[in-house]
Amino acid sequence: MYKKISILLKTLVLPAAVMLVTGTLGVGTWAQAATQSGNKIEKLTPSMSYAEYQKRYEKYYGDFTAQMAEEGNPAEFLLDDGKDLANKVVGSKGKSCASCHGKDALQLKGAATTFPKYNAELKGIMTFPLQINTCREKQMGAKPLKYESYDQLALTMYIKSLSNGMPIKVSIDGPARPFYEKGQVAYYKRQGQLNFSCAICHVQYAGYKARSNLISNNKHHADHWPCYRLKWGKTGSLQRRFRGCLKNMRAKKPPFQSEELRNMELYLTYLNNGDLIQVPGMRM
Amino acid sequence: MPQGIGKIKIRLPRTVRKGQVIAVKTLILHPMETGLRTDKKTKKKIPAYYINDVSIYYGGQLITHEDWTIAVSANPFMSFYLKADKEAPLKIVWKDNKGGVYQKTVQITPR
Amino acid sequence: MKVTDRVDSRGNAGLWAGVAVFFMIAAMPLWAHAGNAKQGEKIAKTRSLGNCVACHYLPKVESPGDIGPNLVEAMQEYTMAERKDVVQWIRDAREFNPHTIMPPFGTNKILTPQQIDDVVAYLYTLKKK
């Protein structure tokens with residue numbers, strides 16, 4: 001049985017980790033799998049099925065999530081401000097988002113589903129906040145918005161919320177492929193003083209408790225950003241969460257929209273393909 | 001100072017019958033600084049900034065008044081029950097310790 | 001007479017003290033590894049130091065994690081002779097399992113060797129004889 005699996009691993013185009021996450025491989029042994037470009041990634045097996053994880057989550061956090069749903073999401077306040085920003089004329093060319101994309105930028109409905117994606121000019125991965133800033137600089141002649149500032153989050157959140165209820169469909173074909181693999185390597189790389197990787201917690205030990213926190217499975221990790229996080233007491237982006245986790249691992253924190261974080265965002269969003277976008281989200 | 005302080009959301013049931021006891025849910029954006037935290041960079045105490053007085057008026061008449069302290073969380077959520085026995089505006093006023101006053105009025109129209 | 005008696009007894013006492021000191025020095029390698037169990041408990045339960053309770057069960061802690069094994073149960077299987085294995089688990093667990101989640105406390109200098117000794121001393125107090 002194991003021999004068959006190892007032959008499969010060598011021949012399959014898809015990296016082994018994706019299959020592990022989707023649960024197509026059974027009980028695995030400790031081994032290293034390789035990506036197309038030859039980078040070794042650690043092969044990790046989920047300790048429990050997703051159904052078992054959901055059961056544990058419901059038991060541990062069920063009442064609390066119900067309470068959060070009742071109280072409502074403070075991030076919804078930003079949506080109105082985002083709408084105003086989309087209609088506001090800024091920059092040297094006298095344009096607003098609405099001048100190209102229709103009133104309230106409504107033509108951007110569904111735009112967020114394909115992000116992050118490859119961009120030829122950037123020679124890298126374009127994320128949604130970066131796309132908004134690029135658009136502001138090139139088309140409107142306006143200053144880019146500072147990442148994690150109130151206006152930036154409000155505008156991103158508003159335009160992304162137009163795609164609410166639509167499934168994520170990120171493509172990793174063609175030129176995006178090497179960046180996807182870099183993101184995967186970063187996701188599986190052991191780093192920091194504590195020698196953790198993203199995957200060891202969120203793939204292998206998802207569903208266990210680290211002190212009083214239940215470690216979350218990486219399904220539904222990328223479909224609701226920017227979101228309101230109770231620990232922050234304010235709204236933040238996925239990359240802020242990445243940086244927070246890296247800090248807890250006592251590793252180096254790359255700056256916002258740096259290449260590492262963008263590749264990682266592509267990898268994680270691809271894992272969440274098919275999940276419905278629900279912005280703004282709310283997390284603990 | 002963070003932006004968006006004092007934004008208010010009040011939620012009522014879609015249909016209200018006369019004499020029905022309804023749940024009113026409110027949410028206000030406010031940092032609710034306790035005055036006990038220190039800024040990590042400047043090592044100085046962050047001054048207290050919190051809502052300490054909430055009044056609820058129904059039809060111009062004060063129906064309840066609350067004193068809040070630093071123990072209330074940031075972006076506080078408040079819900080209360082109200083007997084909707086007349087067609088009148090419901091006005092809720094929040095006041096904080098720096099003199100900020102935030103209010104919102106919703107019309108209650110029982111059928 | 002009395003004076004000489006005293007001198008004799010004093011000489012004897014000195015001899016015995018010397019013998020005792022000699023044995024203590026001979027037993028030094030065993031003593032040096034003892035560690036301070038009380039200090040170790042503090043290290044194991046402090047978030048900025050060992051933070052063992054993030055993943056392991058330890059007694060008298062509110063809501064410990066369950067990623068790693070229950071340390072009270074695990075310690076029953078270790079004898080005093082296997083002490084260096086326990087130290088190695090904390091210093092760098094990759095020697096036993098290259099894909100472990102346990103941070104290498106010694107190799108990455110999260111704890112000093114003295115602190116690791118203290119923690120191990122605390123762990124051995126969990127062992128029921």
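In the predicted model, R56(A) and D66(C) form a salt bridge in which the closest N and O atoms are 4.0 Å apart; a salt bridge is defined as a side-chain nitrogen of Lys or Arg within 4 Å of a carboxyl oxygen of Asp or Glu. One salt bridge is found across the interface of chain C and chain A. Between these two chains, nine residue pairs with both members at pLDDT 80 or more are in polar contact, that is, a pair of N or O atoms within 3.5 Å, where within protein one must be able to donate a hydrogen and the other to accept it, and residues adjacent in sequence count only if both atoms are side-chain atoms. The side of chain C that touches chain A comprises nine nonpolar, seven polar and five charged residues. Here Ala, Val, Leu, Ile, Met, Phe, Trp, Tyr, Cys and Pro count as nonpolar, Asp, Glu, Lys and Arg as charged, and the others, Gly among them, as polar.

In this interface, 21 residues of chain C are in contact with 21 residues of chain A, contact meaning heavy atoms within 4.5 Å. The area buried between chain C and chain A (the accessible area, 1.4 Å probe, that two parts lose on being put together, summed over both) is about 1700 Å², with carbon and sulfur atoms giving 51%. I67(C), H99(C) and I101(C) supply 39% of the area that chain C buries against chain A, more than any other three residues.

The interface of chain B and chain A was examined in the same terms. Eleven residues of chain B are in contact with twelve residues of chain A, and the area buried is about 1100 Å², of which 55% comes from carbon and sulfur atoms. Three salt bridges are counted between chain B and chain A. The side chains of E70(A) and K25(B) meet in a salt bridge, at 3.9 Å from N to O. At least two residues of the side of chain B that touches chain A are supplied by each of β1 (8-11) and β2 (20-28) of chain B; strands are DSSP runs (E, at least two residues) and helices are DSSP runs (H or I, at least four), numbered from the N terminus. The largest share of that side, three residues, comes from β1(B). By class, the side of chain B that touches chain A has four nonpolar, three polar and four charged residues.

Residues are numbered from 1 along each chain as its sequence is written, and chains are lettered from A and ligands numbered from 1 in the order in which they are written. For this predicted model, local features need pLDDT of at least 70, side-chain atom pairs count only at pLDDT 80 or more, and totals for chains, interfaces and linings use all residues, while side-chain values use heavy atoms, with hydrogens and water left out.
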